[in-house]
Amino acid sequence: MRLRPATASRSPMSHPAYRRLLLLVILGTTRICNAVDYLQDVKPLLKHKCYACHGALQQQGGLRLDTAAALIAGGDSDATISPGKPDGSFLLDVTTGEIGFQMPPANEGAPFTDEEVHVILEWIAAGASVPADELPEADPPSWWSYRPIERPALPEVPKADWCGNEVAHFVAAQRVRNDLTHVGQASK
Ligand code: HEC
């Protein structure tokens, strides 16, 4: 569903975008030499607070946040950010709850702190650079724990009497690969 509310008319000075821009200018002076890096600074915040519902497992609101490109493309409602334009960013409006819609939803995770909002703002203001080879999280069906259990073929081993059971076939095959000899059964 579309989540953008109708624009309310209010004084420009009290507009959240104006206040955020002010925050950006004030806090930005402290980080002039240390530009925000997406992989190092922004991605970990999204991973920690948003991927559970906007990553490989779930794409709530049609939105994935596990790559910068997917973040910029946005979800059902629209694009989340405009690179280079930190003011009026839907992504941050929902994380600060300023549009009456809070992310993460109440009781389902901690919201971004002011410092974290600022880091993301800086990234957007600097043009929201997208790493060329960033891969999304692996899809659950490719995780070993989601794959159906299969019975692998027993590896060939030089001497079958090395193998008391099926697991021992795999141990023996590894022993052959490592050029180790079989020392016989241990005494009990
Ligand atoms: C516990 C699950 C959960 C977490 C964690 C979560 N979200 Fe959401 N998010 C949702 C749900 C559910 C919706 C869809 C709401 C709807 O359509 O009514 C949504 C929708 C959104 C949307 C609107 C998408 C669109 O285009 O309509 C944005 C933007 C968003 N989330 C950003 C975030 C950000 C940023 C974070 C991390 C700070 C986050 N969310 C964390 C559940 C979550």
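The expected span of a helix is 1.5 Å times one less than its number of residues. Helices here are DSSP runs of H or I with at least four residues, strands are runs of E with at least two, and both are numbered from the N terminus. Helix α2 has 12 residues and reaches 15 Å from its first C-alpha to its last, close to the 16 Å expected at 1.5 Å a residue.

Before going on, two remarks on the source. This is a predicted model, in which local features need pLDDT of at least 70 and side-chain atom pairs count only at pLDDT 80 or more, while totals for chains, interfaces and linings use all residues. Residues are numbered from 1 along each chain as its sequence is written.

Now the chain as a whole. The protein chain has 6 helices and 0 strands, and its pattern along the sequence reads α-α-α-α-α-α. I call a residue buried if 20 or more other C-beta atoms lie within 10 Å of its own, exposed if 12 or fewer, and partly exposed in between, with C-beta atoms placed from the backbone. By that count, 17% of the 188 residues are buried.

Back to α2. Which residues of α2 are buried? They are Val42, Lys43 and Leu46. These residues lie on the same side of α2, because they cover an arc of only 95 degrees around the axis, the arc being that of the directions from the helix axis to the C-beta atoms. In general, an α-helix has 3.6 residues a turn, so residues three or four places apart point the same way. On the other side of α2, Gln40 and Pro44 are exposed. What covers the buried residues includes α5.

That leads to the core. A nonpolar core is a set of buried Ala, Val, Leu, Ile, Met, Phe, Trp, Tyr and Cys residues joined through C-beta atoms within 7 Å. The largest one has 19 residues, and Ile120 and Ile124 have the most contacts inside it. Two or more residues each come from α2 (38-49), α3 (68-73), α4 and α5 (114-125). Of these, α5 gives the most, with 5 residues. Two residues are in contact if their C-beta atoms, placed from the backbone, lie within 7 Å. Leaving aside neighbours within four places in sequence, Ile120 is in contact with Val42, Leu45 and Leu92.

Next, the ligand. A residue is near it if its C-beta atom, placed from the backbone, lies within 6 Å of it. Of the 26 residues around the ligand, Cys50, Cys53, Gln60, Gly61 and Gly75 come nearest. Helix α4 (residues 90-96) gives the most to this shell, with 4 residues. Cys50 is in the loop between α2 and α3. Is Cys50 buried or exposed? Cys50 is buried, because 22 other C-beta atoms lie within 10 Å. The C-alpha atoms of Cys50 and Phe112, which are 62 residues apart along the chain, are separated by 10.0 Å.

Last, some backbone details. A cis peptide bond joins Met103 and Pro104, with omega about -10 degrees. Pro104 sits in the loop between α4 and α5. Asn107 is in the loop between α4 and α5, and has a positive phi of about 65 degrees although it is not a glycine. Asn107 counts as exposed, because it has 5 C-beta neighbours inside 10 Å. Asp179, in the segment after α6 (166-177), has a positive phi near 65 degrees. Asp179 is exposed, with 6 other C-beta atoms within 10 Å.
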